[in-house]
Amino acid sequence: MVALIVIFISGLLSLFLAFAKKPWLVLLTASAGLIAGGISLFTQFYYQYDFIHYEGLKFDGFAVAFGLIAILFTLLVVLTGYSSFKDKPQHTGDYIALLLFSLTGALCMLSFTDMFMFFLGLEILSIPIYVMAGSNKDDVRSSEASLKYFMTGAFATGVLLFGIAWIYGGTASFKLDEITAFIYNAEGTHSSLIYIGLLMILSAFLFKVGAAPFHFWSPDVYDGSPHIVTGFMAAVVKLGAFGAFMKIFSVTFAGLHDFWAPALSVLAILTMFVGNLSALKQIRFKRLLAYSSITHVGYALLTIIVQSPDSAFNLWAYIFSYGFSTIGLITVAIIIHDEEDRIEAFRGLVRRNPFTGFVAILGLLSLAGVPPLMGFFGKFLVFSEAITQYPWLVAIAIINSGIGIFYYLRMVILVLQKEDDDKPKTPRHKVPVLQMIVLAICALALLFGGNMLIF
Amino acid sequence: MSSLEIIATVLGGLTIGSALMVVLSPHPVRSVLYLILTFFLISGNYILMNAQFIAVVNIIVYAGAIMVLFLFVLMLLNLSKDNEPKSSIKMKIAATFAGGALLTVLIAALKDSVILPKTEMLENQQGMVENLGQLLFTKYVLPFEMSSILFIAAMVGAVLLAKREKQIIE
Amino acid sequence: MSVQQLVPLILLFPLIGGIINGIFGKKLPKALVGSLATLASTLSFATALMVFFQLNEPVKIHLFRMIDLEDLRLSASLLADNLSLWMVLIITGIGSLIHLFSMGYMKHDAGYSKFFTYLNLFIFAMLILVLGSNYFMLFFGWEGVGICSYFLIGFHYSDAEKGMLNGIAARKAFIMNRIGDLGLLIGLFLILSQFGTLEYQELANIVTVDKILGTPWMMFGITMCLFIGATGKSAQIPLFTWLPDAMAGPTPVSALIHAATMVTAGIFLVVRSNFFFEHAPMTQEIMLYIGLATSLVAAFIAMRQNDIKKVLAYSTVSQLGLLFVALGMGAYTAAIFHVTTHAFFKALLFLGSGSVIHAMSDEQDIRKMGGLRKKIPLTHLTFLIGTLAITGFPLLSGFFSKDEIVGHAFSHNVVIYGILMFSILLTAIYMFRMYFVVFFGTFRGTHEQEHHVHEGPASMTLPLVILAILSVFGGLLNLPGIWLKGQAHWLSHHLEHNTGGLNLIEAEHADNGITLMLMIIAVAVCLGALVVCYLVYGKKQNVPVEDAELSGWQKISANKLYIDEIYNFLFVRPTEWLSVVGHKFIEIMFLNGIILGFAKGIGASGELVKKWQTGRVNWYILWMVGGIVGLIVYYLVKI
């Protein structure tokens with residue numbers, strides 16, 4: 001709770017500090033707020049205190065674990081995006097504030113105990129992102145992305161509300177524990193209201209995480225949005241959505257697991273294939289990232305499908321590794337700064353900027369799941385947990401990993417290749433200090449984080 | 001069938017009919033007018049459920065403020081047949097088919113659903129402003145305050161999107 | 001420092017040297033690269049010496065776990081006992097000398113740093129092979145030396161004239177070794193399945209102390225598989241033909257890898273596994289006869305070879321055969337003794353031949369040499385010592401080590417003794433033949449070559465001198481009991497002292513009279529060959545004729561018993577035929593269809609899926625509605 005307030009207030013502060021037209025001040029406030037938020041989140045959980053009595057949010061171990069990496073990812077995104085914020089000093093405060101508000105929503109989505117807090121959290125998470133997606137007003141694609149995201153998002157919200165209403169109709173409660181109890185008590189004799197409500201909520205979740213066939217928005221939106229927004233969506237928004245997904249489906253609707261798990265399995269397979277196959281022929285980097293994220297959603301869905309005490313940790317580990325790879329790659333893309341955002345612009349990166357190229361390779365290989373990088377361990381945890389219950393699902397996931405390696409390695413080769421001799425040489429990219437720090441953190445995490453996950 | 005039920009059925013039918021007209025009427029201004037009608041009818045439904053406050057707020061906010069805004073926008077845009085975005089026949093058929101399918105399966109799924117027995121009789125004063133206020137500022141203060149975050153985010157966003165950039169003007 | 005700390009250092013120096021030269025070698029000056037590599041090897045040798053004087057009990061050093069499963073634990077650990085340390089001393093000692101020699105020999109080579117990188121890495125792998133405390137480590141080193149040997153045989157792969165041939169020779173060595181490696185690997189699996197561990201000490205305990213043995217067939221299988229591995233690495237029938245071809249590599253490589261160290265890995269393997277072989281008499285018999293046959297065949301082929309390195313290569317094969325005869329009789333310490341002296345004089349001979357080749361501007365044909373005695377006196381002298389040592393000239397190192405094996409053979413079986421003596425006679429003949437043809441008579445090369453003939457730099461002559469001294473006095477390590485009652489057989493006692501399971505078969509089986517008689521026979525054989533060869537090649541100055549003019553046994557010898565041709569007919573042709581059939585029918589028609597079809601299918605579906613991404617929100621929402629409808633239909637069907 002304290003963390004939520006601290007982060008919100010630091011967002012407000014950055015909003016007002018923007019009047020000073022000193023971007024570094026805003027950055028400082030935001031970073032301080034994020035760090036303070038992280039610390040308070042942890043200490044509050046550790047020492048079990050809270051200064052007001054409230055209803056609707058509960059910061060348990062799950063929320064704290066996911067919340068901490070949400071804060072960490074936001075911090076990385078803010079740091080890496082600072083160089084692009086700086087170009088428009090009058091808006092730095094607005095952008096950073098919106099990102100922080102969105103993080104507030106994410107925290108809310110990780111800790112809700114009520115359906116309406118969940119709904120509020122989802123909206124707080126989404127609305128700033130609708131705006132941020134369109135924040136590059138010079139680019140028509142950015143506006144288009146914003147509008148598309150907003151329209152499809154509004155539809156999904158409608159579906160979600162519809163579903164919550166059905167659930168209320170079926171169980172007469174908004175509280176998660178009451179719904180859980182109701183479902184367990186009335187084993188086998190549920191009214192169809194609950195099933196339909198569940199499916200509606202499922203659809204909304206699938207939309208939010210970007211699973212087939214609710215994924216169509218994501219390539220367009222990822223592609224159109226400014227880089228940092230893409231990074232934020234891939235890391236933090238996805239994390240919030242998955243956290244809530246797990247809370248509702250692995251806990252609240254656990255009693256109906258036999259009902260929804262097969263449907264979700266089929267959709268997970270569909271998601272993997274759609275993401276992978278579409279990614280094969282992409283030429284724009286963020287689009288590729290979008291499809292790759294769709295594929296990874298397919299893998300991550302396994303943790304929700306599998307009912308196990310370790311599922312939450314596996315999901316956490318998976319998102320943790322995925323977030324670092326994505327933020328690292330997005331940072332690299334920002335450094336490359338290609339107008340058209342072509343994958344081709346990565347060619348010869350390692351010769352121009354060895355360290356940046358190295359991080360790009362690490363990120364790509366981690367996404368592909370190559371040991372000993374973090375992505376491998378994330379995947380390994382997820383797959384090894386699932387293999388006893390759903391061997392065929394894991395088999396398909398592994399086939400997809402194989403397909404995925406194709407386009408990741410293609411990019412790795414690009415990064416390693418020489419530039420064409422007949423074209424003018426791309427000059428060495430300048431790397432601001434903050435982005436260097438982000439790159440270093442990502443590289444360290446990708447290289448050594450995996451071992452931490454195992455132990 | 002009691003008189004209350006008859007009123008509820010008629011009101012429900014009217015609401016659905018008017019909502020259908022929003023989608024079906026070819027002229028945008030008429031659509032908006034039908035939408036206003038729909039909101040009034042929904043408010044009627046609220047009153048039937050003894051939720052007077054919500055009914056009033058619904059009329060003030062949606063039918064009053066938002067719809068007037070919609071009308072202004074439509075008039076400013078000056079939509080006519082010529083610059084109306086064309087949607088292809090294929091799209092229309094597909095949309096009709098999908099909507100129909102959704103309706104059909106929903107009905108099929110819900111036709112024999114069990115409605116929970118009413119566990120507690122609603123008090124007469126439940127939906128009144130005073131009681132609602134009591135609840136909002138005590139038990140549900142956190143969601144209430146959370147919604148303020150939502151609004152401030154939305155406001156900042158709206159300003160950010162709507163404001164013209166100085167560079168563009170220059 | 002304690003042994004525990006020193007032993008890993010032995011391994012570390014060559015590794016560091018190899019890594020530094022591998023990464024920075026191209027940028028460093030040549031002198032530094034060579035000195036660095038030599039220094040690494042020498043430091044290793046010095047460390048080994050320090051360990052040698054401290055070591056009393058076998059020391060096992062655990063480095064790290066490699067595989068840790070419930071029923072399979074493999075750790076990277078080292079075992080320092082007298083056997084492994086003795087091998088380490090040979091490897092690093094001879095290795096250092098050859099590094100030093102190479103600094104002069106390879107001076108003008110473009111791949112200077114590459115060469116030293118490989119050489120250091122080879123030393124590292126070889127040390128792992130002998131120092132490992134289990135078969136897994138041995139296998140690791142085994143493969144390591146294999147790959148280094150491959151690299152070094154084909155070192156001049158880009159040579160305009162012989163590049164292709166060098167590459168083919170390297171490939172041949174690699175493939176032949178793979179066959180042996182497969183045997184070794186199967187052997188390891190058998191051991192693992194039978195005893196559940198690969199650690200030497202544990203296995204020795206199980207077999208010798210607990211007396212838990214597999215069925216005789218199992219023991220036969222294990223030992224045969226290990227032996228097949230050994231035939232590959234140590235060039236025994238039927239896998240020996242790669243070694244003569246391996247002479248395509250630079251001469252120091254031939255000296256180090258293909259004479260002194262790597263090829264004795266098979267011997268080491270058998271000695272290490274002596275507790276198994278002691279319980280598999282059938283394998284021992286097979287080993288004995290294969291060794292005997294190899295010794296004889298190789299000596300026969302060497303009779304009419306005219307390439308100076310080929311002769312030495314066949315003599316190596318022949319000597320290795322002799323070693324396997326010793327192993328087959330259970331004379332492990334005698335074998336290690338001969339390995340030691342053989343390392344001295346064979347390295348000396350190869351380096352000497354290298355010096356000759358260097359002096360002759362890369363000429364290897366002995367028919368084009370001659371009269372080099374006066375021109376390169378130091379090389380001549382050391383080469384003569386090497387030749388005398390290998391032929392068993394009295395009181396030189398080879399005399400004692402050979403004598404011990406021959407003595408065993410005599411008490412084992414007189415027929416085997418006779419054949420062995422015949423093989424030794426052949427060895428003496430072809431070695432003296434080569435010696436006289438190269439160093440006596442008149443110079444037969446071109447004028448240009450004659451003009452160029454010169455002694456190598458000090459870095460080349462110094463190793464020769466040291467090795468010559470060792471070849472002369474190496475016999476002192478293991479003197480027979482006939483002269484020194486108390487101090488005799490120092491090496492045998494030393495090895496037996498703390499090497500698990502190693503049995504010493506006392507050479508004192510026969511009384512002194514028989515020993516003396518055997519010695520006199522051996523001396524007579526050696527001197528007889530010397531005299532005959534001197535008369536034929538030294539005095540009359542006969543020059544070997546062209547291969548085409550030979551007939552009878554000489555032609556067969558010159559053509560290497562047609563073994564390559566036979567292998568070609570038996571194995572290569574059918575394999576080629578099979579692969580052509582496989583290519584035409586299985587690959588093109590069957591696999592290509594499936595795999596390419598699969599790839600095409602994925603590509604095409606990628607295009608298809610891409611088309612769904614229309615970019616219109618209407619369709620997106622329509623898909624979403626479709627998804628919801630699908631889910632509800634699923635509900636209707638399921639409930």
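Reader: What share of the residues in chain B counts as buried, and what makes a residue buried?
Author: Buried residues make up 10% of the 170 residues in chain B. The word goes by neighbour count: a residue is buried if 20 or more other C-beta atoms lie within 10 Å of its own, exposed if 12 or fewer, and partly exposed in between, with C-beta atoms placed from the backbone. One thing to keep in mind is that this is a predicted model, where local features need pLDDT of at least 70 and side-chain atom pairs count only at pLDDT 80 or more, while totals for chains, interfaces and linings use all residues. As for labels, residues are numbered from 1 along each chain as its sequence is written, and chains are lettered from A and ligands numbered from 1 in the order in which they are written.

Reader: And what share of chain C is buried?
Author: There, 51% of the 639 residues count as buried.

Reader: Which elements is chain B built from?
Author: Chain B has seven helices and zero strands, so the run from the N terminus reads α-α-α-α-α-α-α. Helices here are DSSP runs of H or I with at least four residues, strands are runs of E with at least two, and both are numbered from the N terminus. Chain C has 26 helices and two strands.

Reader: What makes the two strands of chain C a pair?
Author: Two strands pair if DSSP finds at least two bridges between them. Strand 1 and strand 2 (residues 72-80) of chain C are joined by nine bridges and run antiparallel, so they pass that test. They form a hairpin with two residues between them, and Ile61(C) stands opposite Leu78(C) in strand 2.

Reader: Why is strand 1 of chain C said to lie largely in the open?
Author: Strand 1 covers residues 59-69, and of its 11 residues the number buried is one, so the strand lies largely in the open.

Reader: How do you know that chain B touches chain A, and which residues take part?
Author: Two residues are in contact if their C-beta atoms, placed from the backbone, lie within 7 Å. The contact takes 20 residues from chain B and 29 residues from chain A. On the chain B side, helix 4 (89-110) and helix 6 (141-162) are the elements that give two or more residues. Helix 6 gives the most, with 12 residues.

Reader: What kinds of residue are on that side of chain B?
Author: They divide into 14 nonpolar, four polar and two charged. Nonpolar means Ala, Val, Leu, Ile, Met, Phe, Trp, Tyr, Cys and Pro, charged means Asp, Glu, Lys and Arg, and the others, Gly among them, are polar.

Reader: What about Ser361(C): where is it, and what is its phi?
Author: Ser361(C) is in the loop between helix 15 (332-359) and helix 16 (372-375) of chain C. Its phi is positive, about 55°, although Ser361(C) is not a glycine. With 15 C-beta neighbours inside 10 Å, Ser361(C) counts as partly exposed.

Reader: Which residues does a cis peptide bond join in chain A?
Author: Pro371(A) and Pro372(A), with omega about 5°. Pro372(A) is in the loop between helix 15 (354-368) and helix 16 (374-386) of chain A.
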